[in-house]
Amino acid sequence: MKNFSRNLTQESSISQNDFIWPVFIIDGKNQKQEIQKMPLVYRYSLDKLIPEIEHLVKLGLQAIVIFPQIENDKKDEIGTDALNPHNLVCNAVRKIKKYFPELGIICDVALDPFTSHGHDGVISDDKIDNDKTISILKKQAILQAKAGCDIVAPSDMMDGRVLAIREELEKNEFKDIMIMSYSVKYSSSFYGPFRDAIDSKKLIKPHHKKSYQMNPANSDVALHEVKMDISEGADMVIIKPGMPYLDIISKCKDRFRVPVFAYQVSGEYSMLMSAAKMNYLNLNDIVLESLISFKRAGADGFFSYFTPLILEKLQKK
Ligand code: PBG
C-alpha cells in the first residue's frame, strides 16, 4: 500500500486532544522524585510541577488527574485528611487552576492515598464499609469541586457512589462539575507501581482489593457497572487497566455510546518502559501502537503516563 492511501484510509488517529496526564504530587519545595518502578515518572512538589504543566499545555495538553502521596503520619483508619480543605490535593487544584484556567483538572475520589491501610474505603468488622465510605467520598468530591477542579472521578468502586456524589454536587450548586466514573475497574496486578508511587502498597492487607474491584475473568459485570453509573449520573466512564481490557472498551462504547476513556495504568507503563530499556522493543513505536489501540477499540481518549513523551513527539512530527 502506498503511503498516501495508507494515510487516507486510516481509521483511527492520535492527537493532543486525547491525553490525560496523571501526576503525582508531594508536599514541600523543590522536589522531583523519580518513582522507582516507573522511570521518568516523578512525584513533584507544586513549584516543580507548574513549569512542567506549562510546557505540556504549550504542546496541547488538555487535562491532568492528580494523585497525592500523603505522608504516612497524616494517614489514618478513616482517611481524615481527605476531608481537609487545605490538604495537598485541594491546595494543588487551587494553584494549578490559577495558573492554567483552561486546563481540565480531574480529581480522583477515593480514600486510598489517605488511609493507613491503603484501601479505598473505610473498614468496619474487617470489611470495606460501602455506605460509610460513600458518606465520606461525597464530601471529598465537594471539597475538590470547591477547590476548583472540573471533573471528579470516583475510583473507589463502592456501589451507589455516583448517585450520592451527583446529588451532593447538585445540593451544593455545582452544576457544571462533571463526573467521570471509573465504572470498570478490575482487580488488577498492573496497579503495583502506582501503589508504590503513593506509598500505599506495603499498607494494603490483604494485598489486593478483590472485594470491591472486578474479576478480570468477567465482562458482563463491566457492562452492568457502566449502565448503573450512567443511570446514576456519570457523564463519562473509564475502563481500567487499558491494554488487557480492549474488549471491554469496545463493548462499552458499542452498547452505551457515552464518552469512554482508557486508563493505561502504572504496570502497563512499567512493562513497556522496561522492555524498551532492555532494548527488546522500540519505546516510541510500542507506546504509539498501544495508544492507538485504545482509539481503535472505541475510546475517546486515555490516561497515560507517557503523555509528556508523546506530546513532544506529536509536536515534532
Ligand atoms: C485507587 C487508584 C488506583 C489507581 C488509580 N486510582 C490503584 C488501586 O486501585 O489501588 C491505579 C492507577 C495506576 O496503576 O496507574 N483509588
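This is a predicted model: local features need pLDDT of at least 70, side-chain atom pairs count only at pLDDT 80 or more; totals for chains, interfaces and linings use all residues.

The largest cavity is lined by 16 residues, and those nearest its centre are Asp112, Lys185, Tyr191, Phe194 and Lys240. By cavity I mean a set of points, on a 1 Å grid over the protein atoms alone, where a 1.4 Å probe fits but cannot get out; a lining residue has an atom within 4 Å of a point.

Residues are numbered from 1 along each chain as its sequence is written, and side-chain values use heavy atoms, with hydrogens and water left out.

The volume of the largest cavity is about 140 Å³, where volume is the space filled by probe spheres set on the grid points, joined across faces, edges and corners. Its lining receives at least two residues from each of β9 (178-185) and α6 (192-197). Helices here are DSSP runs of H or I with at least four residues, and strands are runs of E with at least two, numbered from the N terminus. By class, 7 lining residues are nonpolar, 3 polar and 6 charged.

What takes up this space? The ligand does: the space it takes is the largest cavity. Around the ligand there are 18 residues, and Arg195, Lys209, Lys240, Ser266 and Tyr305 come nearest; a residue counts as near if one of its heavy atoms lies within 4 Å. This shell comprises 8 nonpolar, 3 polar and 7 charged residues.

I turn to individual contacts, taking a polar contact as a pair of N or O atoms within 3.5 Å. A polar side-chain atom of Arg195 is 2.6 Å from a ligand oxygen. A ligand nitrogen lies 2.9 Å from a side-chain N or O atom of Asp112, and for Asp108 the corresponding distance from a ligand nitrogen is 3.5 Å. Taken alone, the ligand exposes 400 Å², and the protein buries 100% of that.

How many cavities of 30 Å³ or more does the structure hold? There are 2.

Finally, two backbone details. Most residues other than glycine have a negative phi, and most peptide bonds are trans. The bond from Lys240 to Pro241, however, is cis, with omega near -10°; Pro241 is in the loop between β10 (236-240) and α8 (246-256). Asn30, which is not a glycine, has a positive phi of about 55°, and it lies in the loop between β1 (19-25) and β2 (32-35).

Note on methods: A polar contact is a pair of N or O atoms within 3.5 Å; within protein, one must be able to donate a hydrogen and the other to accept it, and residues adjacent in sequence count only if both atoms are side-chain atoms. Accessible areas come from the Shrake-Rupley method with a 1.4 Å probe; for residues, only the protein chains shown count as cover. On a 1 Å grid over the protein atoms alone, a cavity is a set of points where a 1.4 Å probe fits but cannot get out, and a pocket is an open set with protein on both sides within 12 Å along at least five of seven lines; lining residues have an atom within 4 Å of a point. A molecule sits in a cavity or pocket if more than half of its atoms lie within 2 Å of its grid points. Ala, Val, Leu, Ile, Met, Phe, Trp, Tyr, Cys and Pro count as nonpolar, Asp, Glu, Lys and Arg as charged, and the others, Gly among them, as polar.
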